[in-house]
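These are my notebook entries on one protein chain. I set down what I looked up, in the order in which I looked.

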Amino acid sequence: MITSVLASRDSVLSDGVGIAGNVFAFVLFLSPIPTFRRILRNQSTEEFSGLPYIYALLSCLICFWYGFPIVSPGIILVATVNSIGALFQLIYIIIFITYAEKQKKVKMLGLLLAVLAIFATIVFVSVRLLDSSMRQIFVGYLSVASLISMFASPLFIIRLVIRTRSVEFMPFYLSLSTFLMSISFFAYGILKCDPFIYVPNGIGSVLGAVQLLLYSYYSKTSREDLREPLITSFA
């Protein structure tokens, strides 16, 4: 009786934090909209790079497949959030390709086809060549690798903030959403006893916390600099 009550409580908790993670992730998926409004308005990709959306699409597809019941039963919220993420990234990539110059258009189209081919290969190998336990391990390691590779972006931003002593390139709400999403799925992975979920999201939580601490420190520094009187010396 007690065991069933505890199991029910853990299920409710895991569903709660999983749904919260989906909500925070949705905010992140919306964050590139200002960039693409500018692309649509100017009908040009200008100097923007499409590579982050290619990497994000591949990561979302792999993580979606890991959360799919045929691979990992019982973690459907991982599949839902990454299916939404993959859809957003695909829309962004299509817009980017539409308005990119010819050379960039061809490159992005090639990368998109490569991502789809890689994902199709992963699905084929995991379904046709591996049993259920090996399938989960195989796709799980790939999902961890894809998520950890995505942490290169926060590391670059952290380095930029420290070097420039400015939070101009690290929007607060984006950093906050990243932290809340990571901590939600870290808790979800703990409750589901799934290291393929809690390990990468644990790393993401730490990096998110570092970004928030840096924002707090350097935003205060920036305000103090603005309060200093401007003294011009003429020699």
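**Entry 1: Overall layout**

I began at the N terminus and read the elements of the chain as α-α-α-α-α-α-α-α-α. I counted 9 helices and 0 strands; helices (H or I, at least four residues) and strands (E, at least two) are DSSP runs, numbered from the N terminus. I note that this is a predicted model, in which local features need pLDDT of at least 70 and side-chain atom pairs count only at pLDDT 80 or more, whereas totals for chains, interfaces and linings use all residues. Residues are numbered from 1 along each chain as its sequence is written, and side-chain values use heavy atoms, with hydrogens and water left out.

**Entry 2: Burial and contacts**

I looked up how much of the chain is buried (under 20% relative accessible area; exposed is over 50%, partly exposed in between; 1.4 Å probe, protein chains only). Buried residues make up 37% of the 235 residues. I then turned to contacts (heavy atoms within 4.5 Å). Of the contacts with a separation of 6 or more, 75% are between residues 24 or more positions apart.

**Entry 3: Helix α3**

I examined helix α3, residues 51-67, which has 17 residues. From its first C-alpha to its last it reaches 24 Å, close to the 24 Å expected at 1.5 Å a residue; the expected span is 1.5 Å times one less than the number of residues. Is α3 mostly covered or mostly uncovered? I found it mostly covered, with 12 of its 17 residues buried. Among them are Y53, W65 and Y66.

**Entry 4: Aromatic pairs**

I searched for pairs of Phe, Tyr and Trp rings (for Trp, the six-membered ring) with centres within 6.5 Å; planes under 30 degrees apart count as stacked, over 60 as edge-to-face and the rest as tilted. The count came to 13 aromatic pairs. One of these, F29 with F88, is stacked, at 6.1 Å centre to centre and 25° between the planes. F29 lies in helix α1 (residues 2-30) and F88 in helix α4 (residues 76-99), so the pair ties together parts 59 residues apart in sequence. F29 is buried at 10% relative accessible area, and F88 is buried at 17%.

I next looked up F172 and Y215, whose ring centres are 5.2 Å apart with planes at 50°, so this pair is tilted. F172 is in helix α8 (residues 172-191) and Y215 in helix α9 (residues 195-227), 43 residues apart. F172 is partly exposed at 31% relative accessibility, as is Y215 at 23%.

Lastly, I recorded a cluster in which ring pairs link F26, F29, F36, Y53, F88 and Y92.
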